Amino acid sequence: MSSSREGGALAIVLHTHMPYVEGFGTWPFGEEWLWEAMAGCYLPLLDLLDSGAPLTLSLTPVLCDQLEAPGVAERFATFVGDVRRYTHDEDTKGLRASGYETLAREVERSWGDYERALARFAERGGDLLGSLARHAQWTSSATHTVLPLLATDVGVRAQVQTGIASHIARFGGWRGGFWLPECAHAPWLTPALADAGVRATCVELTGRFGLGAREHLRPLQSESGVTLVPVDRASMDLVWSDRGYPAAGSYRDYHHHTIHHHTPWGNDGEVYDHERADALAREHAADFVARTRERLRRDGDGLPGGGLAVCALDTELLGHWWYEGISWLEAVVEECSRQGLELVRLDDALDRLETIPLTDRPPGMPASGGEWQASSWGRDGDLSTWSGPAVAGLAFATRAAELQVVAAGAQAGAAAVRELMALQASDWTFMISRGLAVPYAHERFEGHRGALERALAEGPQASEEGLRKLAAFADPAALLAP
């Protein structure tokens, strides 16, 4: 691959996460989300990763918990081979009988995606997690909690240390990359991260420096020794925004669907044309690389190593929410080589790039990292998505539960600790704030809250059976006070 250190580099970080839905509900909310992500996103992405594409893959422990749960391989194969085959057939027949032949043919074509996913899965021995293992680089907290919203230092340590322990137990080596859930960071977190062995994490600083500022192109060195890598919102917004590439008329419309939730229309309302959309994905890939090169040339000039643009995306955007996303990503890899933009894994970039100490006070930076405000990649760049008026009651209830478990100490037991970690997941408040599967989110939150109360009442002997594999590597000793 052609590269130029003087021209800077691009790192694409894929944050791979799924709320723990395995065994907790089916249609329309529940483990079907996991099967769809496996078929439409994870398995196709593996083909690209196996080709050697230098992408940075972050896997959350809670996703890994689900992928190694007993029976997952069999249930996925049943969902694809039986359920999805049946629903495609039913929608095809219904559309054809109603005179919509072109829509019927598109539904027939889309069945091929599932058929190929099932074949890929079988070729990998039904072991998706094992196939991902050699690509897994970064980890995250145990249950994807917004760490700045936790009530205690010991609670933060438990989430961080459990997540790291699960990664090392599953994948062996770890170079210190830790994804902060929801990119939520606050200055007081960095000592806990450093103590756990974290070398680097990504932070969202658009609210501090402004969209497109050159400060987003250089890693920062915290006083605790953790490298804070700003994500580059200017690059990310080309993909992940209301006006980003996926909104183009030729792409498949995720929101309008048939009776059985198949999507044979484009965003422009016409029958979806896969060849036309694939061609547009290649055009958008070329545009993305050209714009990123120009940004690095213009704003990275004079920065150590020429600057580093970090485009961080939820992996599930690609192939699942944005049907053409994997094709776009594959074309980006090719375009980087063609246009001479270095595409690099983030850990490798950090091995060679100089960092900027926070105490050096570059323009706009306070004298001490401790003066920073909490930030995230959520709405308004703050923590309100997970603590604002719509979900404030849940946020306070979670903090109260954490204090209750910590106060109980050794009398709480493993079941209580795991139920607390389930309650702390960012997913429930996110769904409610965004109006996504709100009844399901409330049901899950209240279910774990009630189970925690029962576990505290029963003490160390409380059953963990209902938790399935959720927070499987939780270490009660990390949270329980002596």
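1. Contact of helix 14 with helix 15. Thr398, Ala401, Glu402 and Val405 of helix 14 meet Ala416, Val417, Leu420 and Leu423 of helix 15, where contact means heavy atoms within 4.5 Å. By class, six of these residues are nonpolar, one is polar and one is charged; Ala, Val, Leu, Ile, Met, Phe, Trp, Tyr, Cys and Pro count as nonpolar, Asp, Glu, Lys and Arg as charged, and the others, Gly among them, as polar. Helices (H or I, at least four residues) and strands (E, at least two) are DSSP runs numbered from the N terminus.

2. Basis of the values. The model is predicted: local features need pLDDT of at least 70 and side-chain atom pairs count only at pLDDT 80 or more, whereas totals for chains, interfaces and linings use all residues. Residues are numbered from 1 along each chain as its sequence is written, and side-chain values use heavy atoms, with hydrogens and water left out.

3. Geometry of helices 14 and 15. The axes of helix 14 (residues 392–408) and helix 15 (residues 414–423) come within 10 Å and cross at roughly 160°; axes are lines fitted to C-alpha atoms, for helices over the stretch in contact, and angles run from 0 to 180 degrees between N-to-C directions. The two helices are therefore roughly antiparallel to each other (angles over 145 degrees). Their crossing is left-handed, that is, the near helix is turned anticlockwise from the far one by less than a right angle.

4. Burial of helix 15. Nine of the 10 residues of helix 15 are buried, so this helix is largely enclosed by the rest of the structure (buried means under 20% relative accessible area, with a 1.4 Å probe and protein chains only). Among the buried residues are Arg418 and Glu419. The packing partners of the buried set are helix 6 (153–171), helix 14, helix 16 (427–434), helix 17 (438–458) and helix 18 (476–479).

5. Helices 16 and 17. The axes of helix 16 and helix 17 come within 8 Å and cross at roughly 150°. This pair is therefore also roughly antiparallel, and its crossing is left-handed. The contact residues divide into seven nonpolar, two polar and one charged.

6. Helix 11. Buried residues of helix 11 include Trp328, Glu335 and Cys336. Strand 1 (9–16), helix 1 (32–50), helix 10 (274–299), strand 8 (308–314) and strand 9 (342–343) pack against the buried residues of helix 11. Gly340, with a positive phi near 80°, follows helix 11.

Terms used
Parallel < 35°, antiparallel > 145°, perpendicular 65-115°, else oblique. Buried < 20%, exposed > 50% of the residue type's maximum accessible area, 1.4 Å probe, protein only.
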